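Please consider the sequence and structure shown below.

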2 protein chains.
Amino acid sequence: MPDLANETPDLADERVDHRFKGLPPDAEGLTVGELSAQRRNLFTGGYTTPVLALSAESVEHNLRLLETYAERHGLAFAPHGKTSMAPQLFDRQLEHGAWGITAAVPHQARVYRAHGIARIFLANELVDAAALRWLAAELDADPDFRFLCYVDSVRGVELMDEALRAAGAVRPVDVVVELGAGANGRTGVRTEAECAAVADAVGGVATLRLVGVAGYEGTMPGADAERVREWLHRLVGLAADFDKAGRFDPAVGEIVVSAGGSEWFDAVAEVFEAIPELSLPVLKLLRSGAYVSHDDGQYRERTPFNRIPEEGALRPAFRLWSQVVSRPSAEQAFTNAGKRDAAHDLHLPEAQVVRDARTGEIRAAEGVTVSGLSDQHAWLATGPGADLEVGDWVGMGLSHPCTSFDKWQLIPLVEADGTVVDHIRTFF
Amino acid sequence: MPDLANETPDLADERVDHRFKGLPPDAEGLTVGELSAQRRNLFTGGYTTPVLALSAESVEHNLRLLETYAERHGLAFAPHGKTSMAPQLFDRQLEHGAWGITAAVPHQARVYRAHGIARIFLANELVDAAALRWLAAELDADPDFRFLCYVDSVRGVELMDEALRAAGAVRPVDVVVELGAGANGRTGVRTEAECAAVADAVGGVATLRLVGVAGYEGTMPGADAERVREWLHRLVGLAADFDKAGRFDPAVGEIVVSAGGSEWFDAVAEVFEAIPELSLPVLKLLRSGAYVSHDDGQYRERTPFNRIPEEGALRPAFRLWSQVVSRPSAEQAFTNAGKRDAAHDLHLPEAQVVRDARTGEIRAAEGVTVSGLSDQHAWLATGPGADLEVGDWVGMGLSHPCTSFDKWQLIPLVEADGTVVDHIRTFF
């Protein structure tokens, strides 16, 4: 493992203190870098429960897997940074060939810029005047900063133009028209005719440049392989039509076509490989984010690698450790991790292993099921064979990386033998 | 309003930067105290969406209401701090007569101690050796630090004793036996006989002192007024029996009896008022936490004040402002706040008002319903009469204070006219 902390010295210099749950109380006052250098053991090094651990090996594996996947399929990659909001992981993603990092809201772009990210794809329309003022200043201060965002309405174009003019923006903001995925999908223009109207609006203002088309297939109601491909073909067709109509700004030197969350990147790869030749080189931009930690729920079920096992397999990298604080009956046990600590929006955590408080041995969590979460407790249902006692640690798998990362501000990066080799800072 | 920031100078000195979403980008580098002193307007002062606002007047009202409620009913009050994890609000709660602050996990107690809280009730069994080592050091360093926690098992007592002896603890740790609320409730000893066994175990070690009994009625399956009262009577009976049997340590000078979340404090007040005379004064400790912000969902429905309107009414203090970023059809709109920004574990947010981007006027959100949340988007269903456009801000009420506070690290405290008078720092 490279020493991640050394690459982002400001994060390594952060003081370990009460702000960061799970970290050893006796590390108070050390810097993160100093604590990481001690290579403590997660179980015996003073970490307190609950504590979320991220597997160093699994993260490394996942980083490599998507890097080679994107390379093999001729895709540029702007992993969605909202998943982890962790600059140390962004650095690793960029080292593994990423073109840039995707954001959902301007606050995230601010975090990225504070950590030196040079290329940002904001997968949203941006009509917040204060955020646009910030963006204009950022673009004008750094000619190497590449920024793209969606437009999906004529009104949005008006608001952007108004705010950018008021801010005295010098560089235009590059935008892509968002094509909505499905008639009742999330954001995005519903029809090609409306897309043309939005493109016309962009063409009519000096503060914006139209550089491509994009969208997100992940929230399409009733999505299946056929409908996703159909929509991707519409997106590619829109790019071709816009190109023919001379709608893209030739000064940009490329045309951006972007899609792809963590459920359908196989379809994105397939359809984007067949993009016809356009008047400029095409930046085929994939934006999957959940792969970096993967999970033991939503994405275990839905990853495209289930359909294309010959291309590899992601590894779940999270394990949430909490401690049994109550064992009131043979059927019940409670640990000290709850909604504040575990993703709970898609599935409950999965009890996987037990670390015996008496022996330190780790065994399968046989007969143990998470049946509910309170704010600060997990409710465990225990079957007749369950071997579980007050004081034992229960290691859980989680479902949904985005709502796992966001419950922790400093996450131990742990090797298979329990050695903590780094601590990953998040910014939510 | 008193200037909260001045009372906690370390928090007022915190720098405003990219770590804190929603805050004005052009305030970067100011301290929190300096930004608060500018008394900016939430809508026109550069705050970016989404942004969670806490009503200064409603918080003040709620603080006073529970203060007078507790006084009137002869209750000591240790509001559950896990709700807000905001030392500035703890200070206000203590100014409003609170005895101390309740915590759920030792990490929270660390945050409290870092901000000078002198009395902490940890409403959980504490068997984490590293956390107990920290606690022992904290107790031994400060003779004025009062700490209480649950015990609910003989094994728990063994683990506590073991860890405290290993830590060389000098002062004993004060514990209360937790009586479980209901046979299938959450933590807590299920029967009086088992409670006695746990008390015996405490009596057998020098590192612990038994000072009372406690529990939590809020997660009792099938809780209703009758069952809650029945359990509260059992709790009081247990205190009386333990007292008769001489189980409480007389050196402590009082007996602690504690219960009460945010749904049943009327029952707690009623039953605790009738606690018979014991051999020592009784500290009747209520622990409700959600009242400080109240809400527009779970606690709007379940607050005891619905049953006792003559004693007052809490006011919802949160409003989450987000901006319409897409209006793809007459039936749909999307704002830029999602699961990362809004509580979503009990109910979806409630669209309440719209701030018109063209006029700045605020009107009722007629015909607008939140139908779902993605990670970073709210899905709005809009009826025929809905007047909503890209750029408008939508103000939403939230359900569940605990999962609202924990999504924000610095929350503008806003007066009715939109003036931001302070910023509340949270530590999750």
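The paragraphs below describe the sheet of each chain and then the interface.

This is a predicted model, in which local features need pLDDT of at least 70 and side-chain atom pairs count only at pLDDT 80 or more, while totals for chains, interfaces and linings use all residues. Residues are numbered from 1 along each chain as its sequence is written, chains are lettered from A and ligands numbered from 1 in the order in which they are written, and side-chain values use heavy atoms, with hydrogens and water left out.

Chain B contains an open sheet of 8 strands in the order 2-9-8-7-6-5-4-3, with parallel pairing. Strand 2 (76-77) and strand 3 (101-103) of chain B each have a single partner strand and stand at the edges, so one side of each lacks a neighbour in the sheet. Strands are DSSP runs of E with at least two residues, helices are runs of H or I with at least four, and both are numbered from the N terminus; two strands pair if DSSP finds at least two bridges between them. Strand 2 of chain B pairs in the parallel sense with strand 9 (residues 282-286) of chain B over 2 bridges. Within this sheet, Ala76(B) has Leu285(B) in strand 9 of chain B as its bridge partner.

Chain A also has an open sheet of 8 strands, with parallel pairing and the order 2-9-8-7-6-5-4-3. Strand 7 (residues 208-214) and strand 8 (residues 255-259) of chain A pair in the parallel sense over 3 bridges. Gly212(A) stands opposite Val256(A), which lies in strand 8 of chain A.

We turn now to the interface. The contact (heavy atoms within 4.5 Å) takes 77 residues from chain A and 77 residues from chain B. Together the two chains bury about 6000 Å², of which 52% is on carbon and sulfur atoms; buried area is the accessible area (1.4 Å probe) that two parts lose on being put together, summed over both. In chain B, the residues that lose the most area to chain A are His18(B), Arg110(B) and Arg340(B), together 12% of what that side buries.

The rule finds 10 salt bridges across the interface of chain B and chain A, each being a side-chain nitrogen of Lys or Arg within 4 Å of a carboxyl oxygen of Asp or Glu. A salt bridge joins Glu389(B) to Arg155(A), with the closest N and O atoms 3.7 Å apart. Among the elements that give two or more residues to the side of chain B that touches chain A are helix 6 (106-114), strand 4 (119-125) and helix 7 (129-141) of chain B.
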